[in-house]
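Hi everyone, thanks for making time for this.

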Amino acid sequence: MGIVDCSADVQANGRKYTVRAATLPASGDQDESVEVALSGLDSAGAATECGSFKLPADSLSVVGKLINQVLSGLSTLSGRSTTSPANAQAPWTKEQDEELLERWTSAGDTYSAHAYRRILAEHFGRTTGSIRARLLRIGCDPDAPGHAFVPLPGES
């Protein structure tokens with residue numbers, strides 16, 4: 001697996017949550033593993049939640065899916081929808097790529113990149129993350145509506 005040490009933060013309900021994952025090398029009879037730690041701080045900076053667990057590196061995929069299922073279920077119970085957009089996971093067609101390219105490059109600076117990706121996600125029945133990823137794949141700058149990394153057809 002190699003060395004992994006990453007973290008992500010999010011603010012929610014007046015708290016800051018941080019998740020950190022780091023690989024732990026094999027030692028003795030223990031295989032390589034990954035430690036995942038979660039911590040939460042309230043608005044005054046006091047710790048409110050914390051915990052960690054270790055997983056064998058070869059179990060990350062299956063356990064990740066399990067954790068996702070549990071958290072999605074809890075989210076549903078708390079009244080938040082976990083439905084996916086209509087075209088989530090569907091392959092992109094050449095026509096959709098061309099339309100996405102046309103819409104993105106002709107957008108100008110009417111919208112922020114985030115707002116326009118949301119609009120496109122709704123239009124194409126996709127997530128904003130898939131719109132961002134597809135923009136990169138077709139050669140567009142996902143942080144600058146109207147801009148592409150590659151020359152557009154007809155440009156030199």
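Predicted model: local features only at pLDDT ≥ 70, side-chain atom pairs only at ≥ 80, totals over all residues.

Okay, helix packing. Two packed helices are described by the angle between their axes and the distance between the axes. Look at H2, residues 94-105, and H3, residues 113-124: their axes come within 12 Å and cross at roughly 150°. Anything over 145 degrees counts as roughly antiparallel, so that's what H2 and H3 are to each other. As for the hand, the H2 and H3 crossing is right-handed. Who makes the contact? From H2 you've got Gln 96, Glu 99, Leu 100, Arg 103 and Trp 104, and H3 brings Ala 113, Tyr 116, Arg 117, Leu 120, His 123 and Phe 124.

Next, charges. Searching the whole structure turns up 7 salt bridges. One of them pairs the side chains of Arg 134 and Asp 97, at 2.8 Å from N to O. Arg 134 sits in helix H4, residues 128-137, while Asp 97 is in H2, so this pair ties together parts 37 residues apart in sequence.

Last thing, the surface. There's a nonpolar patch made of Phe 53, Leu 66, Ile 67, Val 70, Leu 71, Leu 74 and Leu 77, with about 680 Å² of accessible area together. Which helix gives the most to it? That's H1, residues 60-77, with 6 residues. Leu 74, for instance, is in H1.

Technical notes:
Residues numbered from 1 in each chain as written. Heavy atoms only, no water. Patch = residues over 30% accessible without salt bridge, like charges linked within 9 Å, V, L, I, M, F, W, Y side chains within 5 Å. Areas by Shrake-Rupley, 256 points an atom, 1.4 Å probe, with all protein chains shown as cover. Salt bridge = Lys/Arg side-chain N within 4 Å of Asp/Glu carboxyl O. Helix = DSSP H or I, 4+ residues; strand = E, 2+ residues; numbered from the N terminus. Axes fitted to C-alpha atoms, helices over the stretch in contact; angles between N-to-C directions. Parallel < 35°, antiparallel > 145°, perpendicular 65-115°, else oblique. Left-handed = near helix turned anticlockwise from the far one by under 90°. Contact = heavy atoms within 4.5 Å.
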